[in-house]
Amino acid sequence: MRTMDSALLLHSSIDKDPLTLPRGCSGISISTDWILTHGTALGSFIDKSSAISSFVANLVPGELTTVPREFASELKFRVYRERGTDGDFRSNSFEEHHGAIVAAWRCPLLRKTFDEFFETWSFPKSSILDRSLRSVFLLVHVHDSDESIMETSSLEQALSCLLDQVPRNLIRGSSVEIESTPFGNPVFAGSVARGVISNVVGDEGCVIMTDAYAFPGGEGGPLYIIPPDCKRRIISGMVIAPSSWCRGEWVDYTFAANLAPCVLNILRKKNPPRSPIAYHENIDAALDRGVVLVRCGISWGTGVLVDKDTGTFLTCSHVVAEASEREISIVMRPDKLNSRVEAKLLYRTPANQPYDVAVLRVNPRDVDPSLRPVRLSHAAILKGEPVVSVGFPFSSSVRPTVSGGVVSKPMDCALLTTCCVQSGASGGPIVSRATGEMLGMIVCNVLSSDGTVLYPRMSLAVPATTLSGPLREYLRTDNPDVLRAFTCDNAVVRKIWDFYPFLPSKL
C-alpha cells in the first residue's frame, strides 16, 4: 500500500444485507492509519440519523472536531487500498481493512467560496444537508480490529505530513490526474482521468477547477499534479464537486479542494506556517497575457490583443451583439481595479453568419503595460495537435480559465477541438502547446438539434489563417472597410458553419 493513493470506502452496512449492491466513496490514503475523504461520504445515511445530522450542522468552521462515541459505530467502513494492477477489488490487488470516521472539520475557506463564488450555481442533491457537506472534510482511522484507538496527536501528525507534500503555488495549465471510484462502484475503483489545472478560484485559492473529468461518487478522490517527466505524482487536491450547472448550462469541469490552504487553515492554530513550497512546470506561464474580458451591457465574452500599438482587439460578433444599444468595454485585467476602458467597434459580421468576428479598438495609451499581443499562426494545423483554450466562462472577476485538448479536425474554414468550452469563452484563443501561437478563435460549441443538449468538449473556432489576412490589411491601411472581408458569402463555408447536414451550431 502506498500513501497518498486513492482509497475506496464501503459502508459496513453492506455486510448485513448481502443482496445490497455495494456503493462506496473515494478517499485519499494520507498514511497507513489515516484516510482523508469528503463530507459526501455521510450523504447515504445522514438523513437516517438525527445524531449525525446534528453533528454536521454544529461543526464550527475551522475547528477539528472528534466524533462522539455514542454514534461512532454508525460510521464504520471497509477500506480498500490498491497494491496491485488487476483492478479486482475483491482480489489480492487490494488490501482490506476496517475503518471509521473519527473526526471532521468544516473548512471556512470552502464555505465562504460556495456561499459567494458559487452562489448562483446548482449541484446535484441540493438539499440543505447536502449543501452543508460541501465544505466538510472527514478523517477515517484505519485499523485491523473492531475497536478504533485514536489519539489527537497522531491525527494532527497525519495532516501535517500531508501538508508537507502538497505544493503551495499552482500554475494553470499544469497536467493533473484524478484517481477515484466513479459512481462509488467498486468495479471502477482506482479509475484515472487526466487534464490540466484550468483555474484556481475562491478565498485563498481554495478551489481548483480542472477539465479532468470526474463522475459522481468520485468525491473524496485525490487530484495529483503530473510533472513533465511523468515519473511521479504530487498530491494537490481532493475532488469535491464533479457535477454542476452555471446559469442553466451544464459545466463539464471538476472542482477540487486545494489541499494546501484547506489543511493549513485547520492546522494554523497548532502548527506555525511552513515556508511556501513552489512547484513549477515547463509551460508558458504567460499564456493569457494577451487575453482580455469584453463587456457589452450585462453580457461578457473574451477578446485577444492582436496589435498593441493601435490598441486592436479581436472577439466574436455575438459577444457585442447589443453594441448599438450598449457600451462596449474591455477589462484589461479582471484581477486589477480600474482596468476597464471603453472600446470602439470597428466591424462585426452580421448575426448568424460566418465567421462571427468583431474587431475592437481602444486608445493605445489605455492598453495595460503587462499585456502582450497574441501571435497568429501561419503554419498548417495538424490533426491531433495538443492545444489549450483560454477564456472567461463562469466568472468575469477571476483570471482566464484554461482547458486542454487536441485538434480534432482542421478544415480550411473551421477548426474543431476537444477543449472544454462554455459560455463566456467566445472570442478566446485556441493556442498551440508546442509554439504558443494562436491557431484559432473560439466561436461556439455544438448544441443538439432540439436545443436540449450542449456538448462542451466539441468546440468550433475560426482558423488563424482566416483571421490574419483582413487584420493585416487593416493594420497596414488603417481602413476599417477592409474588415468586411470577414463576412463570408461562400455557400460551402456557410453549410460547414451550420454543421450541415448535421447539427446546427450555437451562435
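**Close-up 1. What covers the buried residues of helix α2.** The cover over the buried residues of α2 includes β8 (136-143), β11 (207-210), β13 (234-241), β16 (254-258) and α5, with contact meaning heavy atoms within 4.5 Å. This is a predicted model, where local features need pLDDT of at least 70, side-chain atom pairs count only at pLDDT 80 or more, and totals for chains, interfaces and linings use all residues. Residues are numbered from 1 along each chain as its sequence is written, and side-chain values use heavy atoms, with hydrogens and water left out. Helices (H or I, at least four residues) and strands (E, at least two) are DSSP runs, numbered from the N terminus. The buried residues of α2 are Leu 109, Leu 110, Thr 113 and Phe 114; buried means under 20% relative accessible area, exposed over 50%, partly exposed in between (1.4 Å probe, protein chains only). They span an arc of only 125° around the axis, so they sit on the same side of α2; the arc is that of the directions from the helix axis to the C-beta atoms.

**Close-up 2. Helix α2 against helix α5.** Here α2 (residues 108-116) packs on α5 (residues 259-267) at an angle of about 125°, axes 8 Å apart. Axes are lines fitted to C-alpha atoms, for helices over the stretch in contact, and angles run from 0 to 180 degrees between N-to-C directions. That makes α2 oblique to α5: under 35 degrees counts as roughly parallel, over 145 as roughly antiparallel, 65 to 115 as roughly perpendicular and the rest as oblique. Pro 108, Leu 109 and Leu 110 of α2 meet Pro 261, Cys 262 and Asn 265 of α5.

**Close-up 3. Strand β17 and its partners.** Six of the six residues of β17 (residues 291-296) are buried, so the strand is largely enclosed by the rest of the structure. Val 291, Leu 293 and Arg 295 point one way, while Val 292, Val 294 and Cys 296 point the other. Six bridges tie β17 to antiparallel β18 (residues 299-307), and strands pair if DSSP finds at least two bridges between them. Look for Cys 296 opposite Ser 299 in β18. The hairpin has two residues between these strands, and Gly 297 takes a positive phi near 70°. Four bridges join β17 to β20 (residues 328-331), again antiparallel, with Arg 295 opposite Ser 329.

**Close-up 4. A three-strand open sheet.** The order is β7-β14-β15, with antiparallel pairing. β7 (121-122) and β15 (249-251) are the edges, each with a single partner strand, so one side of each has no neighbour in the sheet. Cys 246 stands opposite Glu 249 in β15.
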